[in-house]
Amino acid sequence: MFESLLPFFLLILFILFLLIIWRINARKYISSNTVASAYDAWTQDKLLERLWGEHIHLGFYPKEKKNIDFRKAKVQFVHELVKWSSLDDLPKGSRILDVGCGIGGSSRILAKYYGFNVTGITISPAQVKRARELTPSGLNCHFQVMDAMDLKFEDGSFDAVWSVEAGAHMNDKKKFADELLRTLRPGGYLALADWNSRDLNAYPPSFVEKLVLKQLLEQWVHPNFISINAFVNILRINENSAGTVISENWNSYTNPSWYDSIIEGIRRPFTILSLGPLAIVKSIREIPTILLMNWAFKRGLMEFGVYKCRG
Ligand SMILES: C[S@@+](CC[C@H](N)C(=O)[O-])C[C@H]1O[C@@H](n2cnc3c(N)ncnc32)[C@H](O)[C@@H]1O
């Protein structure tokens, strides 16, 4: 009897072990230094890049198009955000700032396909190093370590400011918006995408939703989430925005990313296996957070906000 139940007990023990590691190794936000360390580690172990490619953001899955994989959906996302925010109205050579640029996936597309002159900044020195390695010489695309909350650029330095999935790591969303709009020239284009919670004052979270939100914050160095409308209001009242701010919720386009990000590991098993046993444990360690994200975005507890406005 005991022997027949042994595999079952071992499986339960293994799952418990993974959940303990998941909790103990949570990446709680303390300051932008904790964000920098987390992205340095994610970059240096090469797992994210091998698995998901050079873009650290969700993909865009057009409703009419089937069989698009996670990597293609990420590239599609960049083109969709360019189109939606009318960035493609800008002439070649326009100066673009990519805030929280990761290892430069979006920056290189903006430079290569649209002919822009791109400056990417991130808080992670390892990402800057990797972004430079990945960027062919001759491409108008440069990277610097910088804190988005304290941009070292003159007012109005850029024709467009672009930021994808970086705002959720910012402690003070107003200061973040101030810096983005300060560096944008009058009449320039702002294009943003970010993870938001639903309006938690109007629709308070249940007990379970509170527990889930706590994990989503603590697992991936997020200080807080705010609603799409709250961020629209922050942009709208800023002295450097031209007033009209347009936002949309892209959950329906981006939600397939969550399962697809796990399936990617099955599609390309050698990308993980070739990095050794630790990489396998590290990738399994992210699965509970991905599943909780999937649950929260599908339920509408989390919302994928996109924003555009003019300087
Ligand atoms: C989810 S990744 C998105 C990366 C990139 N935008 C992309 O789409 O591939 C978040 C990025 O924001 C950057 N970031 C977070 N906090 C930052 C800060 N205070 N200043 C500058 N970059 C920051 C991280 O280093 C990381 O590059």
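## The ligand shell

By class, the shell around the ligand holds eleven nonpolar, eleven polar and two charged residues, where Ala, Val, Leu, Ile, Met, Phe, Trp, Tyr, Cys and Pro count as nonpolar, Asp, Glu, Lys and Arg as charged, and the others, Gly among them, as polar. The structure is a predicted model, in which local features need pLDDT of at least 70 and side-chain atom pairs count only at pLDDT 80 or more, whereas totals for chains, interfaces and linings use all residues. Residues are numbered from 1 along each chain as its sequence is written.

Of the 24 residues around the ligand, those that come nearest are His57, Gly100, Gly102, Ala148 and Ala166; a residue is near a molecule or strand if its C-beta atom, placed from the backbone, lies within 6 Å of it. At least two residues of the shell are supplied by each of α2, α5 (105-112) and β2 (117-122), and the largest share, three residues, comes from α2. Helices (H or I, at least four residues) and strands (E, at least two) are DSSP runs, numbered from the N terminus.

## Packing of α7 and α9

Helix α7 (residues 173-182) packs with helix α9 (residues 228-236) at an angle of about 45 degrees, and their axes are 9 Å apart. Axes are lines fitted to C-alpha atoms, for helices over the stretch in contact, and angles run from 0 to 180 degrees between N-to-C directions. The two helices α7 and α9 are therefore oblique to each other, given that angles under 35 degrees count as roughly parallel, over 145 as roughly antiparallel, 65 to 115 as roughly perpendicular and the rest as oblique.

α7 passes α9 in a right-handed crossing; a crossing is left-handed if the near helix is turned anticlockwise from the far one by less than a right angle, and right-handed if clockwise. Lys173, Lys174 and Ala177 of α7 make the contact with Phe231, Ile234 and Leu235 of α9, two residues being in contact if their C-beta atoms, placed from the backbone, lie within 7 Å. By class, this contact of α7 with α9 has four nonpolar, no polar and two charged residues.

## Packing of α8 and α14

The axes of helix α8 (residues 207-219) and helix α14 (residues 287-299) cross at roughly 130 degrees and come within 10 Å, and α8 and α14 are therefore oblique to each other. Their crossing is left-handed. On the α8 side the contact is made by Val212, Gln215, Leu216 and Gln219, and on the α14 side by Thr289, Leu292, Met293, Trp295 and Ala296. By class, the contact of α8 with α14 has six nonpolar, three polar and no charged residues.

Ile290 is also found in helix α14, and because it has 16 C-beta neighbours inside 10 Å, Ile290 counts as partly exposed; a residue is buried if 20 or more other C-beta atoms lie within 10 Å of its own, exposed if 12 or fewer, and partly exposed in between, with C-beta atoms placed from the backbone. Not counting residues up to four places away in sequence, Ile290 touches Trp258, Ser261 and Ile262. From C-alpha to C-alpha, Ile290 and Asp159 are 35 Å apart in space, and they are 131 residues apart in sequence.

## Positive phi values

Most residues other than glycine have a negative phi. Lys46, in the loop between α2 (32-44) and α3 (47-52), has a positive phi near 65 degrees, and Lys46 counts as partly exposed because 14 C-beta neighbours lie inside 10 Å.

Ser86, in the loop between α4 (70-84) and β1 (95-99), likewise has a positive phi, near 60 degrees. With 13 C-beta neighbours inside 10 Å, Ser86 counts as partly exposed.
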